Amino acid sequence: MGAFLEKPKTDKFNEHGEGNGLRFGVSSMQGWRCEMEDAHHARTNLGEELEDWNYFAVFDGHAGVKVSKLCAQNLLNCIIQTEEFREKDIIKGIHTGFLQLDERMRNVPELASGDDKSGTTAVCTFISKEQIYIANCGDSRAVLCRNGAPIFSTQDHKPILPGEKQRIQNAGGTVMIQRVNGSLAVSRALGDYDYKSSKELGQCEQLVSPEPEIFVQDRHAEDEFLVLACDGIWDVMSNQNVCSFIHSRLSVTDNLEEIANQVVDTCLHKGSRDNMSIIIITFPGAPKPTSEAIAAEEELDKNLRKTIKDITNSSEDVDFRNLVQKLSEEEISGLPPGGGLESKLSFVAKVFEELYPDLAETCELGD
């Protein structure tokens, strides 16, 4: 889990769609990790009697990609096929679906034999006309934003949390260097069967629990957007920063894939070393592009371009890293809230490459 590449893989997977008054955009990037272990599922209109329902989920795998992929493929059906969900007990249905899937995956040959020891966090949401149901297992996170501010967030399941630490100790384990038995950084996850081997303990009493924490939020006209993302995002951007940044970008463009890509790029430039995945789901109350915001963004780009030229023209040794350092020392007005200069480094690299095409290879971002 700790291996890194010599330089990040910055190709992105994108997806977008809309339905039931919602729009969504997805971006994921392998980044510095040697393998892409994230997976996701995004769907509006769940069909049959659930046409008005929508489902989105992000899975952050570790020690391999097997479990995260299986969860992306199967968690939705596991939940909606439970007797509880069919009888409109949504919270119980989500809870049962998580636990049933975790038990079923034990029988997958590679997992049953122990050849594959992977696990995954999971954060998902079911959105109906009236409610937003959010389930979290691990340290991926969901954040609901109104008026550019987070009004709800899931809590990351870390081993140092008192309740989590108590369960781990009751199961005969320890919390060392903030990890389960000094190894696993999350206290709840799907898969990870090496940590779920005690036959004397219940399914949710093991060293690592597959039990989701489930929340319900009533929908409001002021709801702007919901963000689901893995910890590769939250490691370097706070809930407020993510909300402020997306809120500001929605005033410039309605392209949710583009905004999701900007979040991922910004996190790379802020130093994230992990895989990164994000789903942005907008509600009818989300900001719309305005001519004023678009003009302000164009003015920012114009000023940045001039500043870049001034810095490089005054330097005897033109160097991209030196340029970024000098830009960070400048008082640049109008930078996107929550994103700062890092959110414009892709633009800075583009301008630098235009001015100095022979030095284009030096524009490695995220180093």
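## Arg141 and its salt bridge

At 14% relative accessibility, Arg141 counts as buried, a class that means under 20% relative accessible area, with exposed meaning over 50% and partly exposed in between (1.4 Å probe, protein chains only). The side chains of Arg141 and Asp156 meet in a salt bridge at 2.7 Å, N to O, the term standing for a side-chain nitrogen of Lys or Arg within 4 Å of a carboxyl oxygen of Asp or Glu. This pair links distant parts of the chain, with Arg141 in strand S7 and Asp156 in the loop between S8 and H5, 15 residues apart. Asp156, at 17% relative accessibility, is likewise counted as buried.

This is a predicted model, in which local features need pLDDT of at least 70 and side-chain atom pairs count only at pLDDT 80 or more, while totals for chains, interfaces and linings use all residues. Residues are numbered from 1 along each chain as its sequence is written, and side-chain values use heavy atoms, with hydrogens and water left out.

Strand S7 covers residues 141-146, and six of its six residues are buried; helices (H or I, at least four residues) and strands (E, at least two) are DSSP runs, numbered from the N terminus. Arg141, Val143 and Cys145 point one way from S7, whereas Ala142, Leu144 and Arg146 point the other way.

S7 pairs with strand S13 (residues 223-229) in the antiparallel sense over six bridges, where pairing requires that DSSP finds at least two bridges between two strands. Leu144 has Leu226 of S13 as its bridge partner. S7 and strand S8 (residues 149-153) also run antiparallel, joined by four bridges, and Arg146 stands opposite Ala149 in S8. The hairpin of S7 and S8 has two residues between the strands, and Asn147 takes a positive phi near 50° there.

## Helix H5

In helix H5 (residues 162-170), Glu164, Arg167 and Ile168 are buried. They lie on the same side of H5 because they cover an arc of only 100° around the axis, the arc being that of the directions from the helix axis to the C-beta atoms. The face turned away from this buried side carries the exposed residues Pro162, Gly163 and Asn170. H5 is followed by Gly172, whose phi is positive, near 90°.

## Other salt bridges

The structure holds 18 salt bridges. Among them, Asp265 and Lys12 meet through their side chains at 3.0 Å, N to O, linking helix H8 (residues 256-269) to strand S1 (residues 4-19) across 253 residues. Asp265 counts as buried at 16% relative accessibility, whereas Lys12 counts as partly exposed at 29%. Arg249, Glu297, Asp301 and Lys344 are linked in a network of salt bridges.
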